[in-house]
Amino acid sequence: MRLARRFSAGYAEQDGVSPVGTTETVASTTNLKTSFEAGRSGPDVRSDLRVVFEPRQTSGIEIELQSRVAPYYGDSIRAQVQGVLAELGIDHARIAIQDEGALPFVISARIEAAVRRAGLGQGRRALPESVPLPPPSARDRLRRSRLYLPGSEPKYFINAGLHAPDAIILDLEDAVHPAEKDAARILVRNALRAVDFGAAERMVRINQLPLGYEDLEEVVPEAPDLVLVPKVEDAEQILAVEERVKEIAARCQIDRPIWLMAILESALGIENALAIASASERMVAMSIGLEDYTADLGVVKTAEGRESIYARTRLVNAAHAARIQASDSVYSDVGDMEGLGRWAESARALGFEGMGCLHPLQIPVIHQAFAPAQAEIEKALKIVAAFEEAQQRGLGVVSLGSKMIDPPVVQRALKLVERARQMGLLRSGKTSTTESLDTT
Amino acid sequence: MTNGFELVTNAAGRVVPAEVNGRKQVAFPGVGKHQPQGSKAAPPIHSAGDYPANGDKRVPDLEIALRKCGLRDGMTISNHHHLRDGDAVALMALETAARMGIRDLMWFPSASFPAQAGVIELMEAGVVHHIEGSMNGPLGDYCSQGKMRGMGVLRSHGGRWQAIQDGEVHIDIAVIAAPTADAFGNATGSLGKSACGSLGFALADSMYADHVIVVTDNLVPFPCVPWQIQGNNVDYVVEVPSIGDPAKIVSGTTQITRSPDRLKIAEHVARFIRDVGIMRDGFSFQAGAGGIALAFVDYLRCMMKEAGVKARFVRGGSTRYLVELLREGLADYILDGQTFDLAGVESMARDPRHIATSPFTSYNYNGKGFFNQLVDVVVLGATEVDTHFNANVVTHSDGRLLHGIGGWQNCLFAGCTILAVPSFRDRIPVIVDEVTTLTGPGEMIDVVATERGIAINPLRQDLLDRVKGSPLPIRRIEDIQREVERICGGKPQRPRLGQNPVAVVKWVDGTVLDTVWQAVF
C-alpha cells in the first residue's frame, strides 16, 4: 500500500477513499455467499463503479443501474452489461451497479471481476474494444521517466499518456491491496487494450512469483511492451518469467517484443546484479527499489541517499557491463520539485538513464535533468563531425584541432548525440553532421 | 402554444417564450442587431426635506426600514452577492417580509448561493413569487422542476444593469449588505470584519431603486471613505450584529489546482496566449478564480517574467495571484469586479492601483461602451460547447440549472475569448453536437482549450495564421470531439427535457437567447 498512499497524497486532490472491503467476498467461499462485489463507488470516487453480482438459476438478467451519467449513457451501460454477461456465459443473474462515470473498459473489468469472484465465467474473457497498438518498443529506447499508475485506480489511466512520460507502469504489485489483485489484473488487461497511452512504452509491474504467473497469464496476451519484475534476487527468477512470457506470447501469436526489467530490492539482489542483468536477451533495463533495500539493510532512507550509494553504483556498473539501461528508484516527495531535480541530476551523473515517477508533474523535471547540457551536446557534435571526417578521409586517428580524440570519447559522443536526437534536442538531419543544436 | 406560453424561434434557432412574467420579450435577433429605443428609467425624485436634517438615517431594525419604504404585496426586492455564500442579509430581508405578512414578492438577487436555500420555503409559503437571478444548488433544482410560480430570468452581470437602467426590472426596495457604512448611508466593502472588496453589484440598485436600505455590522462616524455606495441614494441605515459569516465571504486563500490534467489545460492556454502574440507589453487579460484560471495566471506570470512583458491592466475576480502580478510590477492596475480572497480584499483596501469597478463600467452593453471590450483576452469555463463554438454555462447537460451567467457573456466581447475546459467530465463529453442551453453564441467564442488539444474557431483565421509554427497541439474541434466520443463509448444520448419553460437566458442587450426547459428528474 506504500505506493497507493503516496498517490493519494499527491496525484489525487481529494482521495480519502480506501479500497472497498471485498476481503469478505474473497475469503468466504461458503455456499452462504449469494452476492459478489467488485469495484468502488461513493461520492469521492471517479471513473469507477461498484458491481454487485447475484447468480441465479432462472429468469434471465436483471439490471439495477444507478449512475451519474445515466441520462447520457444509461442505455449504453445496460447494453454493455448484457453483452459482457453473455460473453462470460451468464444467462441468469441480478446485477446492481453504482456507477461513478466509469469508462466502458472499466465497466467490463468490474463485471468480469465480480463474476469470477462468484466462481463463474472461468476460461472466458469479456474484452473491450481495442485501440491500435503503438509501434513495437525498441530495446534501447529512451526510458527517462516511467510513471507508476496504481493498477486498481482507473481514473489515473485515462489521461496518463497526455503527460508524455517515456513509459507508464500499470502496477499490480505494491499499489494494489492483496484482496484486489484479481480485479486489478483484469482492469490492467482491459486498459492495455482500450487506453491510448500515446507514445509512452506500456509497462506492467507484476507481483512476485508465483502470484506473478497469474498476472502474466492475464496481461501478456495484450502485448505489453515490458514486464517489470519486482524484488529480483537471482537470475533464476528472470528466467522463470522469461519462459512464461515466451510461452504465452507464442500461444497468443504475439509477434512483437515484450522486454523485461528487473527491480533489485535487497542486498542479495544487488550482489547478484550482473547475473540478473545478463540473465535474458529480453532484459533491457534494471532498477532499484530503495524502500525495501534500505529496510533489508536496516538503515534509514534519507533524502540524499548516502546509505544506498553502493547499491546504486553497483547496479549501474552491472547494467552497463551487461549493455542494458540502469534506471533509478522513484523520488517519493511529490511536492518537492527542487529535491527531485537534484536527485535526478545526481542519478544521471552516476550513470542512470532514467527513474520512476509517482506524479505526472515530476515528468518534465526528470526529462530536464536527464537531458544533456547544451555545451555537452555541442562538444559531442564536434567530436562526431571530426570522427566522420576522419572516416571519410580514411584516417585512423580522430583529432579535433590539435587534440587527439580517443575512441571511447568518440563512442560516448556518438551515444550522447543519438540520445539528444531522441529527446528532441537536435534538429533532425540525415547524418549527424547536418544536425545542429535546436535552441528554440 | 404550450401550457399558455406562446413560443417563437429566435435568430439562433432556439425556441423561446414571447412573454415572460407578464412582460413582452424581444427574441434574440443576432449579435449587435437589437437597437434599444427610448430613455433610461429613473427613480422618483426625493428631496432632502423628507430625510433627517442631521443626515442620520438610522432606524432600529430592518422591519421598520421595510415598513417605512412602503413594502407591500407583489413588490420587487433586490439583494447582492458580494458576500457570496456567507451572506445573511438577503434571507434576513425576505424573512422579515414574511413576518410582516407580505406575499408574492419578486426577489431580484445579483446571484444566489446555497446560503439562500431558505428562499424555497418562502416560495412554498407564497411570500416570494419567483426569482429573477442566477439559481443553483437547491434553488436551481426547485426552478428546474417547474415548482416556481413565475419564470426564472437569467442575466449576465452587465445584463442585470441593462435591465434595471432600461426599466425592464423595476426595483421597489434594494437591501444592500455593507461591510462598513456611516449613518448617512455611504458604504464600502473594503473595510470591516465582513470586508468583501467591491460592492459593484449593488451600485445600479442604489441608483435606480425607489428605496434603498443599507444594512451594516460596522457603523463608522461620517464619512465612510472611500464610499462605493453613495449615501445620497440611501433611505435608511440599519445596524445589525452580523451581515454574514466572514469565513464564507472570501476564502482565506485561493488555491491552484494540483490536478495534472487541469494544469495541462492551463498551460495550453498560457502558451497559446504567448505564441499568438497576445502576450505583449501593455496587454490586458481577465481570468476568474477557478482552479484552471488561477493556474493559467501562474503560468502566464512566469512567461511574462521570462519575456520581460508587462500588462497595462488585469481584470478580476481578484485573487492573490493577480495581487502578486500587481506587486511584482507585472501589471499597472487591477480593475476588480469581485474579490475572491483575503489578499484581494487587503490589496483593494490599501493599493490605489487595485480599483473597484461595477457592472456599469465593465459589463453594461446598453451604454456608451464598456471596459471588457478593451480586454485583450479572457479565459472562461463552460459546461458544454458545440462544434460551432456555441457554449452553455447555465445548465448541466441534463438541463438542470447549474450556475448563473455572471460576467461570462459580457467577457465574450474581449479581443480573444478562450474557453478552458476538460474534454470530458465523468464520461460526459464537453464538446457536443448541440448545447443544452445556449448562453454564448459561437461567433463570440474564439478558442476552446482542452487537455487533448486546442481548437480555434475557423472564423478567426487571423489566430489560425498566427499560431502556425507553434508546437502547440492545435486541432479541429470535431477531431477532439471524435476522440473523446471514442474514449467515452460513443455519442451520449440526448437527455430528455420537459415541455415547459422554467427560465429564460437573456443576451447582454435584454433579448431572449434561450429557454431552460423543465428538467425530467
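Reader: What should I know before I look at the numbering and the model?

Author: Residues are numbered from 1 along each chain as its sequence is written, while chains are lettered from A and ligands numbered from 1 in the order in which they are written. The model is predicted: local features need pLDDT of at least 70, side-chain atom pairs count only at pLDDT 80 or more, and totals for chains, interfaces and linings use all residues.

Reader: What is the mean pLDDT of chain B, and what does the predictor give the complex?

Author: pLDDT is the predictor's confidence in each residue, from 0 to 100. For chain B the mean is 94, and 99% of its residues reach 70 or more. The complex as a whole gets an ipTM of 0.87 and a pTM of 0.90.

Reader: How many of the residues of chain B count as buried?

Author: The share is 58% of the 521 residues. A residue is buried if 20 or more other C-beta atoms lie within 10 Å of its own, exposed if 12 or fewer, and partly exposed in between, with C-beta atoms placed from the backbone.

Reader: What makes B:Pro44 exposed?

Author: B:Pro44 has 6 C-beta neighbours inside 10 Å, so it counts as exposed. This proline lies in the loop between β4 (23-24) and β5 (58-59) of chain B. B:Pro44 and B:Ala209 are 165 residues apart in sequence, yet 8.8 Å apart in space, C-alpha to C-alpha.

Reader: Why is helix α5 of chain B described as largely enclosed?

Author: Nine of the nine residues of this helix (157-165) are buried, so the rest of the structure largely encloses it. Among them are B:His157, B:Arg160 and B:Trp161. The buried residues of α5(B) pack against α6 (203-208), α12 (359-362), α13 (408-411) and β28 (497-506) of chain B. After α5(B) comes B:Gly167, with a positive phi near 85°.

Reader: How do you know that strand β5 of chain A is largely enclosed?

Author: Six of the six residues of β5(A), residues 145-150, are buried, so the strand is largely enclosed by the rest of the structure. In a regular strand the side chains alternate between the two faces of the sheet. Here both faces are covered, with A:Ser145, A:Leu147 and A:Leu149 on one side and A:Arg146, A:Tyr148 and A:Pro150 on the other.

Reader: Which strands pair with β5(A)?

Author: Two strands pair if DSSP finds at least two bridges between them. Three bridges join β5(A) to β12 (354-357) of chain A, running parallel, and A:Ser145 has A:Met355 as its bridge partner there. Five bridges join β5(A) to β6 (167-171) of chain A, also parallel, where A:Leu149 is partnered by A:Leu170.

Reader: How is chain B divided into domains?

Author: Domain bounds come from an automatic or database domain assignment. Chain B has domain 1 (54-132 + 169-249) and domain 2 (260-496), whose C-alpha centres lie 32 Å apart. Their contact takes twelve residues from domain 1 of chain B and 14 residues from domain 2 of chain B.

Reader: What makes two residues count as in contact, and how many does each chain bring where A touches B?

Author: Two residues are in contact if their C-beta atoms, placed from the backbone, lie within 7 Å. Chain A brings 17 residues and chain B brings 19 residues. On the side of chain A, helix α3 (70-87) supplies the largest share, five residues. That side divides into nine nonpolar, four polar and four charged residues. Ala, Val, Leu, Ile, Met, Phe, Trp, Tyr, Cys and Pro count as nonpolar, Asp, Glu, Lys and Arg as charged, and the others, Gly among them, as polar.

Key
Helix = DSSP H or I, 4+ residues; strand = E, 2+ residues; numbered from the N terminus.
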